[in-house]
Amino acid sequence: MDALRSVVQPITHNLPAPIRDLGASIVGEACYKTLLLDVDPSDTACVKLAVSKGLGIGIIGASSVVKVPQILKLVQSQSASGVSFLSYLLETTAYLVSLAYNYRNGFPFSTYGETALILGQNVVISVLVLNYSGRASAAAAFVAALAGSAALLFAESALDMQTMGYLQAGAGVLGVASKVPQILAIWQQGGTGQLSAFAVFNYLAGSLSRIFTTLQEVDDKLILYGFISGFVLNCVLAAQVLYYWNTPSEKVKGKRREEPVQIQGTSSATPKKGPSTRRRG
């Protein structure tokens, strides 16, 4: 350990002020001194906090693009096959409530930042699904209702924290319930359709990581139980993706069966002879 300190400490003691301030703001002055200046990994509390912060920042970074493959698949295919709007509606509602609840409680942004980023991507996906399903007017109504709900949830004068606690409990149920329509849609169609495997497996890893970060940094059972339940259903979704990998849905199979088969071949009929133009003499 002394050899490691002799190598690391000259670097950590001479970091630029902006980097030093950023590190201290993330893990706190005490843990920054313990882990970076003193290079003492024996403090398990600081190590757990640093791991939790690192996971939280990683989740936020990954969440900025987690739904982009799903958006691209919808745009390229011009189809919402295999994607449940009800699932996204429930999840978006749950995320909006959870974002307002975390923000108004003053929890560290590293413990819920991905909620805001995924919420924005969910809105885009929901609008695309409605448009490709021929319900453009419903997409406009959805966005308007979402904007009005956001204004209400973030207004401290409109809803007190006790009410927000009840809403968060309901959001936890909605977040779990949002996975059920998607699971049923995959099962009924016999395939994943335009569902992005990248998004599903990132959700699985993110929900598992969030269980750890919540245990370390947020003393709120409502949020913890929501992540645990979400992780269980994300496991089911991930298992479905693996099971139906490269399997076309029943809708696609039906289209293939309906395609007429064209047989090209040469005609065996003998062509009729035209009238003779030979003069009889």
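Is glutamate 91 buried or exposed? Glutamate 91 counts as buried because its relative accessibility is 6%, where buried means under 20% relative accessible area, exposed over 50% and partly exposed in between, for a 1.4 Å probe and protein chains only.

## Basis of the model

This is a predicted model, in which local features need pLDDT of at least 70 and side-chain atom pairs count only at pLDDT 80 or more, while totals for chains, interfaces and linings use all residues. Residues are numbered from 1 along each chain as its sequence is written, and side-chain values use heavy atoms, with hydrogens and water left out.

## Overall fold

The protein has 13 helices and zero strands. Helices (H or I, at least four residues) and strands (E, at least two) are DSSP runs, numbered from the N terminus. Of the 281 residues in the protein, 39% are buried. Contact means heavy atoms within 4.5 Å. Among contacts between residues at least 6 apart in sequence, 78% join residues at least 24 apart.

The accessible surface comes to about 16,200 Å², and 63% of this surface belongs to carbon and sulfur atoms. Accessible areas come from the Shrake-Rupley method with a 1.4 Å probe; for residues, only the protein chains shown count as cover.

Glutamate 91 is located in helix H6. Leaving out residues up to four places away in sequence, glutamate 91 touches Lys67, Asn122, Ser178, Lys179 and Tyr203. Glutamate 91 and glycine 175 are 84 residues apart in sequence, yet their C-alpha atoms are 5.2 Å apart in space.

A search of the whole structure finds one cavity of 30 Å³ or more, and the largest cavity has a volume of about 180 Å³. This cavity is lined by 15 residues, of which Tyr88, Glu91, Lys179, Leu195 and Leu237 are the closest to its centre. On a 1 Å grid over the protein atoms alone, a cavity is a set of points where a 1.4 Å probe fits but cannot get out, a pocket is an open set with protein on both sides within 12 Å along at least five of seven lines, and lining residues have an atom within 4 Å of a point. Grid points are joined across faces, edges and corners, and a volume is the space filled by probe spheres set on the points.

At least two lining residues of the largest cavity come from each of helix H6 (85–105), helix H10 (179–189), helix H11 (197–217) and helix H12 (221–243). The lining has six nonpolar, six polar and three charged residues. In these classes, Ala, Val, Leu, Ile, Met, Phe, Trp, Tyr, Cys and Pro count as nonpolar, Asp, Glu, Lys and Arg as charged, and the others, Gly among them, as polar.

## The largest pocket

The largest pocket has a volume of about 620 Å³. Its lining consists of 36 residues, with Tyr95, Glu114, Ser207, Arg210 and Phe227 nearest its centre. Helix H4 (44–63), H6, helix H7 (113–132), helix H9 (161–177), H11 and H12 each give two or more residues to this lining. By class, the lining has 15 nonpolar, 17 polar and four charged residues.

## Annotated transmembrane regions

An unreviewed UniProt entry lists residues 83–103, 109–130, 137–155 and 222–245 under "transmembrane region". UniProt positions are given in the numbering used here, feature names are shortened, and annotations may be inferred rather than shown by experiment. In the model, residues 109–130 are 82% helix and 0% strand, with the end C-alpha atoms 31 Å apart. Residues 137–155 are 95% helix and 0% strand, with the end C-alpha atoms 28 Å apart.

Tyrosine 103 is in helix H6 and counts as exposed because its relative accessibility is 52%. Tyr112 and Phe154 are its contacts when residues up to four places away in sequence are not counted. Tyrosine 103 and phenylalanine 154 are 51 residues apart in sequence and 8.4 Å apart in space, C-alpha to C-alpha.

Lysine 53 lies in helix H4 and counts as buried because its relative accessibility is 11%. Apart from neighbours within four places in sequence, lysine 53 is in contact with Ile26, Val27, Pro108, Ser110 and Glu217. In helix H3 (residues 29–37), Cys31, Tyr32 and Thr34 are buried.

## Positive phi angles

Most residues other than glycine have a negative phi. Glutamine 78, which is not a glycine, has a positive phi of about 55°; glutamine 78 is placed in the loop between helix H5 (68–77) and H6.
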